[in-house]
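Please read the points below with the model open. They cover a ligand site and a helix.

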Amino acid sequence: MTREAIQAVINKHIMEISEEIQEAQIDPSRSMKDLGLNSLDIVEIVSCSMRELKVKIPRSELSKLTNLDALVDILHQTVAQKEQAPAS
Amino acid sequence: MNSGSESDKFSLADFFLAETDDPLVPPPDFLKWRRDVAWAISLYEPSLGSAAEAICQLGSRPVINMASYGYLALMRHPKIIQAAKDALDQFGTGSCGSPILSGRTTLHDQLESGLRLLTGKQGVLTYNSGFAGALGTVAGLLRKGDCAILDERSHTSLVDGVRVSGARLAFFQHNDPQSLDSILTRESGKRRLVIVEGIYSMDGDMANLPALLEVAESHRVGMLVDEAHSILCCGPGGGGVVEHFGAGQRVGIQYGTFSKGFSSCGGFAAAAPEIVDYLRFYSNPYGFSCALPPATVAGLSAALEVMREEPWRRERLWENGDYFRQQLQRLGLDTGDSDSYVVPIVIGDDRAMLYELGHALRDRGLFVSPVDYPSVPLEKLRFRASVTAGHSRESLDQALGIIADVIVPAMRRRGLLKGVQV
Ligand SMILES: Cc1ncc(COP(=O)(O)O)c(C=O)c1O
């Protein structure tokens, strides 16, 4: 799965949570907080994205991330690892 | 909790979205995690074999109780118990229906009068649960299209109230007037309500009410203050942080619970009579839920009376809080922002240590609760100690001795002790 596809999943969930946010406003070098989203919205967006991508990263590791790019990176890595691992 | 295990990395924050097809099947990874951390979690929900007093019975032995919110130690006051017993005899066990359709008792009217006196507000509504009341008060006031602006450390009941209402939920940085100002500006044009607490439950610091009110007023936005941990305990007459700052006229709605200072159960909203009358019909946890039991209500009125007669309880509470906090600081421990009788002992980000120390403290006879992420930030895991008016100086010294034996060496080994100022 490409980085772009992962970003698209996150963007979709951001826009589902907030009707006010347009895709063009989403700047991956910034944080979701900068978009006016609150901490509960962010938890929901990340949870929904992980569910869709079928991966699970502890929230405690995600809470250190500072922008959307970093979130895409960690999800991208985790998805890639999962794709490489033999199905269990 | 086994140090370094995979389960250590997960927390309750990770299992909200269930990956099962059937809501009646809990997530399998939650069940596995729950088994892995059973030892840690066994510290929660202990069964007490006595009243939740300063010394209580836990399992088969007495412990020093610093986990009770009964700040004024009213839970076994003879006058309150007698009033509740008399009401039980006269009015029976329950209120038997929603207040609007099935009525309440004259005892409820008396309690509301007492709460009017306490808060100086002319409208009062009582709820059978502190949580449901906070949720219902917020949800009764706000609508979709509105915006609630909460201190980021606000209790879940307030957050859930906003979510139920469908209003937009925004947080400002804890106790920071500038942050409040910028959020109020960002959300201008909407109907807005600022929501803060009197004393914050996990940090024990008081709302910076004068500065926050000034900002809210400059935007012409009203404020709700949840005094769950401060009502009856704070202010010269027990009227809470609002009374402490002399801000009664400036705070639109005051909310309080009966579970803490009152050592009972339930909650109330106090505001102008017109708002309260509106809430009567639009705050569902009031109108669609049974009124408080008469015995509870009689006990609450008696508690108000007791606190008029025994103001020393409030003084003792603050003295005890100051003593305990200062002694912890002398031990080099981090009590965060606390300036009250709610005293966190912040230990950092080591979860395994949190639970190991939690068990060691419990084994030594100190009942104090660990507070884990996501209730508090990851790097600020803590024990939350509540001091009450019922703690003797000896019991506080004993508790401090246990903490000095258990927490201090562990923190020192990890280089986490602050400069000791003996
Ligand atoms: C700020 C705040 N509001 C409401 C509540 C809910 O009160 P209760 O426990 O009485 O239901 C609490 C309880 O912890 C609280 O801290």
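1. A polar contact is a pair of N or O atoms within 3.5 Å; within protein, one must be able to donate a hydrogen and the other to accept it, and residues adjacent in sequence count only if both atoms are side-chain atoms. For Asp226(B), a polar side-chain atom is placed 2.7 Å from a nitrogen atom of the ligand. His229(B) has a polar side-chain atom 2.8 Å from an oxygen atom of the ligand. From Phe131(B), a backbone N or O atom lies 2.7 Å from a ligand oxygen atom. The ligand taken alone exposes 390 Å², and the protein buries 84% of that (Shrake-Rupley method, 1.4 Å probe).

2. This is a predicted model, in which local features need pLDDT of at least 70 and side-chain atom pairs count only at pLDDT 80 or more, while totals for chains, interfaces and linings use all residues. Residues are numbered from 1 along each chain as its sequence is written, chains are lettered from A and ligands numbered from 1 in the order written, and side-chain values use heavy atoms, without hydrogens and water.

3. Residues around the ligand (a heavy atom within 4 Å of it) include Gly130(B), His155(B), Glu197(B) and Lys260(B). The shell divides into two nonpolar, seven polar and three charged residues.

4. Helix α14 of chain B, residues 312-330, has 19 residues. Its buried residues (under 20% relative accessible area, 1.4 Å probe, protein chains only) include Arg313(B), Leu317(B), Tyr323(B) and Phe324(B). Just after α14(B), Gly332(B) has a positive phi of about 90 degrees.

How values were computed:
Helix = DSSP H or I, 4+ residues; strand = E, 2+ residues; numbered from the N terminus. Expected span 1.5 Å × (residues − 1). Buried < 20%, exposed > 50% of the residue type's maximum accessible area, 1.4 Å probe, protein only. Nonpolar A, V, L, I, M, F, W, Y, C, P; charged D, E, K, R; others polar.
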